[in-house]
Amino acid sequence: MTTLVIETATAACSVALLRGREVIASAHEVVGRGHAERLVPMIGALPGQGRAPRILVDVGPGSFTGVRVGLAAALGLAIGWKAEVRGYSSLAVLAAAGFAGHPESPALAAILEGGHGEVFMQSFTASPLTPEGPLQSLLPAAALAALGQRAAIGSGVGHLAALDPARALIEALPRAEDARLLPDTFTSLPARPIYGRAPDAKTLAERGLA
């Protein structure tokens, strides 16, 4: 089955067209906040304008806006194409890419920018890819303590490097084409956001004012 993969959860805007585990075509750009402008043209530049019976989209954690841009595009295309939509985690795809690049590592942590000085962090073991614990939003010092002796990969590792420059830390952003590295159990999440932390804004009821 052909799958369109959409990756907008971080500063990267990335798409890929997969046939099974084979990459038919892909594109990856670091756009910062420009996902909404770049995503549809990148999909349109893929073979067959990216049309596929299955769409796989990064549901987070990551940028609040980026995650929603990817989901909106995936759900909109799915309606027009009558395609199936499923999600995957930004942290899991980073871990899978980390293990592929460093097969000697038995365990590592995926770490992304989390906002408000925190990072999103989740640890995984390899062969098969398995989470060691839940997603957490932590201050860098707490993340460094939780890391133990593991290596780490992601866009949030710079915060840890500032505290301990000697650690094995790999700066990276998720890439759509790396979704091919995920086991099937990691590519069947519901197509709804994983925010990783509670929203800053609260309703009147949540603040006890209504």
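## Backbone and fold report

His 116 sits in the loop between strand E6 (107-115) and E7. Its phi is near 55 degrees, a positive value in a residue other than glycine. His 116 is exposed, with a relative accessible area of 57%. Buried means under 20% relative accessible area, exposed over 50%, and partly exposed in between (1.4 Å probe, protein chains only).

The model is predicted: local features need pLDDT of at least 70, side-chain atom pairs count only at pLDDT 80 or more, and totals for chains, interfaces and linings use all residues. Residues are numbered from 1 along each chain as its sequence is written, and side-chain values use heavy atoms, with hydrogens and water left out.

**Overall fold.** The protein chain holds 5 helices and 11 strands. Helices (H or I, at least four residues) and strands (E, at least two) are DSSP runs, numbered from the N terminus. The radius of gyration is 17 Å, which agrees with the value near 17 Å for a compact globule of 210 residues. That radius is taken over C-alpha atoms, and the globule rule is 2.2 Å times the number of residues to the power 0.38. Along its principal axes, the C-alpha trace spans about 55 × 45 × 30 Å. Buried residues make up 45% of the 210 residues. Of the contacts with a separation of 6 or more, 60% come from residues 24 or more positions apart. Contact means heavy atoms within 4.5 Å.

**Helix H2.** H2 (residues 64-81) has 18 residues. From first C-alpha to last it reaches 26 Å, close to the 26 Å expected at 1.5 Å a residue. The expected span is 1.5 Å times one less than the number of residues. Its buried residues include Val 67, Leu 71 and Trp 81. The buried residues of H2 pack against strand E1 (2-7), helix H1 (35-44), strand E4 (54-58) and strand E5 (84-88). Lys 82 follows H2 and has a positive phi, near 55 degrees.

Pro 61 lies in the loop between E4 and H2. Pro 128 lies in the loop between strand E7 (118-125) and strand E8 (130-131).

| Cis peptide bond | Omega |
|---|---|
| Gly 60 to Pro 61 | near 0 degrees |
| Ser 127 to Pro 128 | about 0 degrees |

**Gln 49.** This residue is not a glycine, yet its phi is positive, about 55 degrees. Gln 49 lies in the loop between H1 and E4. Gln 49 is exposed, with a relative accessible area of 58%.
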